[in-house]
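Please view the sequence and the structure below before reading on.

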Amino acid sequence: MKKLFLTIVAALAVGLGAQAEIASTHSDQGSDNPYKKYTEKLPFQMPEVKAPVIPDRQVKITDFGGVGDGITLNTEAFAKAIDALSKQGGGKLVVPQGVWHTGPIVLKSNIELNLKAGAVILFAADETLYPIIETSFEGLDTRRLQSPLSANGATNIAITGKGVIDGNGQYWRPVKKEKVTAKHWKSLLAQKGSVEMKPGYWVPSEGYAKGEKGANMNVPTAKTPEEWNAIKRFLRPVMVSLVRCKNVMLKGVIFQNSPAWNLHPLMCENVIVDQVLVRNPSYAQNGDAIDLESCKNALIVNSRFDAGDDGICIKSGKDADGRRRAMPCENVVVEGCTVFAGHGGFVVGSEMSGGTKNIYVNSCQFLGTDVGLRFKSARGRGGIVENIYIKNISMTDIKTDAITFNMYYGGKSVAEMIEDGDNPDNTTKMPVDETTPIFRNIDIKNVVCNGAGRAMEFNGLPEMPIDGISLKNVTILAKKDAVFTNCKNIKQKNVNITLQK
């Protein structure tokens, strides 16, 4: 009897252990989902967003020959580790303290890349390691280099931890002289092989200069493989590219120094970005922090962004390519975030040709950005931006407009437009067709801005005015008053603008 009793106890223990493993694997799928609160009381219907399910299994990069000495190239070690985990059904790849020098990393379904404190993944400054691929950049179908960190068509993926992912962006990016110190500019000119394409505009290589000269909206005219390979540096990639993925989480990690955009979820569903820090130098060309493009059901919460371009940006493709894709960016919550610098704090456009709807922005702060709330588009885009709800926004030291709607965007920041004296024709009407952008039904309330160049600018198209904007409980201290052009149904309640002397 005693032997039988011990056998039963052992069997129960094994069963309970199996249940515990299943429970830990699926812990975020129960009623205690910590992200449920973000979708409970929205002004639109949005399904609950849940964290990805990652199997309770883990390996270390060192198990596959990885060396974190900052010199050894770990591309093969990362590939072997991810492949081994994938064959077992997935799990967590742990990156311990150290500097892990590597070429591109490709995540697969059911994989979590976990960076421990002190871990730095440093992507190699070597264009030969990054193949040319078919992709989308700035909303257009084109070719670029493979991103340093990517996934395509994956389900249940995560990048988590307390470490750093660095894209070695200074190897790739052009620089404008007025954005850096004299000492920095001098050091750039001294770099072997670099080119000052025009006064005050530096690019890192002859190949980059050749690519830019022949490009139209960053889409090169190269045709043969030889021509494409000759301009590889110009094809600088976004650092983290997640395409058509489902159940994605980025949590806790520092993402920095990207070649182009930093984080780019494209056509993804069920996305969580939580407690991340995304940073780029202030002079980083196309250095957007996060561009959420044609995604559905996404949370961007409790995070910080310090960018050389737009901070938190919502997109859905550009012009005919975006309209053909026809995938709006919809059901998005942005809450508890800080943007320190960049062209815009929260931004919609200018690539919004697939449409944008059901966006909720709450309890965010923009500190020293060029613009606070920035909506931008242009004729030719098409698309409808509607049902945007923004509240509880605090801003300080905004360089230009606290709030701006600009339907004449031409690739410049608001500061650059003012400096260049741009004055678009906003009186001549053009025919309305599928290329006419539409902005309507946007609710903005409980906004405080201490210090702006101008309170607000609404500059709509004469043939398609900005329609149905509600401003409530807005207090702005600015050098210039608000300007409204080509707008209708603008409701203002308790809007107070104080002009600085």
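## The largest cavity

Arg374, Phe375, Lys376, Thr404, Asn406, Tyr409 and Val414 line the largest cavity of this predicted model. A cavity is a set of points, on a 1 Å grid over the protein atoms alone, where a 1.4 Å probe fits but cannot get out, and lining residues have an atom within 4 Å of a point. Two elements, β29 (371-376) and β30 (384-406), each give two or more residues to this lining. With three residues, β29 gives the most. Strands are DSSP runs of E, at least two residues long, numbered from the N terminus.

The lining comprises three nonpolar, two polar and two charged residues. Here Ala, Val, Leu, Ile, Met, Phe, Trp, Tyr, Cys and Pro count as nonpolar, Asp, Glu, Lys and Arg as charged, and the others, Gly among them, as polar.

## Volume

The largest cavity holds about 30 Å³ of space, and the structure has one cavity of 30 Å³ or more. A volume is the space filled by probe spheres set on the grid points, which are joined across faces, edges and corners.

## Lysine 357

Strand β28 (residues 356-367) contains lysine 357. This residue has a relative accessible area of 30%, so it is partly exposed (between 20% and 50%, with a 1.4 Å probe and protein chains only).

Apart from neighbours within four places in sequence, lysine 357 is in contact (heavy atoms within 4.5 Å) with Pro328, Cys329, Glu330, Asn331, Glu386 and Asn387.

## Basis of the values

Residues are numbered from 1 along each chain as its sequence is written, and side-chain values use heavy atoms, leaving out hydrogens and water. As the model is predicted, local features need pLDDT of at least 70 and side-chain atom pairs count only at pLDDT 80 or more, whereas totals for chains, interfaces and linings use all residues.

Terms used:
Helices (H or I, at least four residues) and strands (E, at least two) are DSSP runs, numbered from the N terminus. On a 1 Å grid over the protein atoms alone, a cavity is a set of points where a 1.4 Å probe fits but cannot get out, and a pocket is an open set with protein on both sides within 12 Å along at least five of seven lines; lining residues have an atom within 4 Å of a point.
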